[in-house]
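Me: I'd like to go through this model feature by feature. Can you show me how to read each one as we go?

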Amino acid sequence: GSEMCIRHRVYTAPPSEAEIAEYLKDKPNDLSGLQKTLSHKGYQHFDFNTMVDMDKLKRTKGKLYSSQEDVMKVLMGGVKNPTGDKELWKEGLMFEGVEPMPWLQSAANWFPRTEKVQPNEMRITFMGTSPVIRPGQANTSVYVELGNGDNFIFDLGEGSIANYAAAGLALNELTKVFITHLHVDHFGSLPYLYEFGGWSGRWHEPLTVYGPSGASEEYGTKWMVDGMLKMLNWHTDAFDVFPAGNQIRVVEFDFKDDGGVIYDKDGATVKHWRRSHAKDGASGYRLDWKTPDGKDLCFVWTGDGRPSMLDLKYAKGCDVYVTEIQTEVVGISSVVQGVPPFLGRYTIDTHHTPGYAAGWLANQIKPRMFMTTHMPFDPYINEETVAQVREHWKGPYHFGAPDGIVVNVTPDQI
């Protein structure tokens with residue numbers, strides 16, 4: 001009573017040379033009728049002999065084997081305008097002072113637990129780099145280690161805690177978190193660090209959370225932490241069977257106190273200032289550290305926000321200046337992200353730093369290395385991001401994305 005149809009693929013032999021010639025006789029450019037165009041006699045097949053006569057190649061005239069001077073001239077020449085000789089900008093390792101240090105295991109890759117931070121070194125690792133969680137990009141978090149053994153977390157967005165674990169860090173080592181503002185993509189991993197950092201042995205000191213106040217109490221960092229502890233009540237009580245170190249303290253500073261110092265210990269200071277973002281804004285952070293040799297190293301993470309003149313005041317002259325960036329290709333991004341174009345346009349205009357403005361800020365601040373994060377890392381947008389930044393900034397520039405970008409900084413090299 002039932003019917004069944006079973007089909008299978010029919011494999012046919014490729015056309016012969018005679019059949020191809022006959023088919024192409026009157027229409028040589030029409031290949032639509034060929035079952036296997038690879039059989040067309042116009043295709044050439046090459047077999048490469050790996051036994052190359054190197055001495056013969058070296059005697060070949062031309063630029064196949066250039067001198068070291070020729071190679072360096074090309075590398076240091078920058079990117080040229082294809083319509084003329086005007087230099088547009090330099091990239092990569094073509095800036096003086098931007099080169100691998102001798103103690104690095106690799107010039108291109110960082111391998112967790114293989115390199116100690118040197119006494120006069122600051123190491124910056126981008127543990128989360130996007131406002132939208134996606135493969136290869138957790139929410140924003142930047143980890144800074146100093147040569148004296150100290151470490152600082154700036155923002156701790158959702159999913160970023162996985163990269164701290166992947167980096168070989170014990171969670172009980174992470175005791176200082178500086179939150180720029182209370183959008184969840186900047187503190188979403190805090191509950192996990194609190195509970196499991198305590199469980200893994202954070203007995204020596206409490207987890208300290210630094211963050212801004214709000215216009216009223218319920219919009220401040222302490223209120224958020226109080227709510228987090230209530231949310232975690234069941235978990236905390238369940239973990240009471242372990243010797244967990246569940247102490248936590250909050251340093252909530254006045255968000256209006258631009259330039260206020262909120263951390264000062266062992267030669268390291270952290271100050272803050274306002275950024276124009278949602279509600280009462282975000283807080284930018286500047287970490288200054290005096291190395292054992294008496295040199296100064298500086299790192300800035302602005303947090304989210306529109307371009308700000310306060311950045312120029314408080315980030316001026318810093319070694320590594322990191323800000324957020326939103327590239328203005330709203331129409332394309334709306335298709336990729338599924339966000340209405342007007343919403344993307346409104347969000348950038350009222351809450352974030354466009355690519356052109358980011359480059360302008362960098363050109364005023366003039367860091368040794370300018371970096372952007374809290375950004376999508378996609379082939380369709382990356383080149384446009386660089387082009388927008390380069391409209392104003394011609395110095396060293398690198399994406400703080402995707403996750404896992406590592407920056408080694410000494411007084412002489414980056």
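Predicted model: local features only at pLDDT ≥ 70, side-chain atom pairs only at ≥ 80, totals over all residues.

Me: How many disulfides does a search of the whole structure find?

Reply: One. Cys298 is joined to Cys318, with an S to S distance of 1.8 Å. The torsion about their S-S bond is about -100 degrees, so this disulfide is left-handed.

Me: Where do Cys298 and Cys318 lie?

Reply: Helices (H or I, at least four residues) and strands (E, at least two) are DSSP runs, numbered from the N terminus. Cys298 lies in strand β12 (residues 296-301) and Cys318 in the loop between α8 (309-315) and β13 (320-324), so the pair ties together parts that are 20 residues apart in sequence.

Me: Is Cys298 buried or exposed?

Reply: Buried means under 20% relative accessible area, exposed over 50%, and partly exposed in between (1.4 Å probe, protein chains only). Cys298 is buried, and Cys318 is too.

Me: Now helices. Which residues of α6 are buried?

Reply: As a general idea, an α-helix has 3.6 residues a turn, so residues three or four places apart point the same way. In helix α6 (residues 221-231), the buried ones are Thr221, Met224, Val225 and Met228. Looking down the axis of α6, these fall within an arc of 95 degrees (taken from the directions from the helix axis to the C-beta atoms), so they line one face of the helix.

Me: What covers the buried residues of α6?

Reply: Their cover includes α5 (190-199), β7 (207-212) and β8. Contact here means heavy atoms within 4.5 Å.

Me: And the backbone: which residues have a positive phi although not a glycine?

Reply: Asp155 is one, with a phi of about 70 degrees. Asp155 sits in the loop between β5 (151-154) and α4 (161-166), and is buried at 0% relative accessible area. His374 also has a positive phi, about 55 degrees. His374 is in the loop between β14 (369-373) and α12 (379-390), buried at 2%.

Me: Which residues does a cis peptide bond join?

Reply: Ala401 and Pro402, with omega about 0 degrees. Pro402 lies in the loop between β15 (397-399) and β16 (406-409).

Terms used: Residues numbered from 1 in each chain as written. Heavy atoms only, no water. Disulfide = S-S within 2.5 Å.
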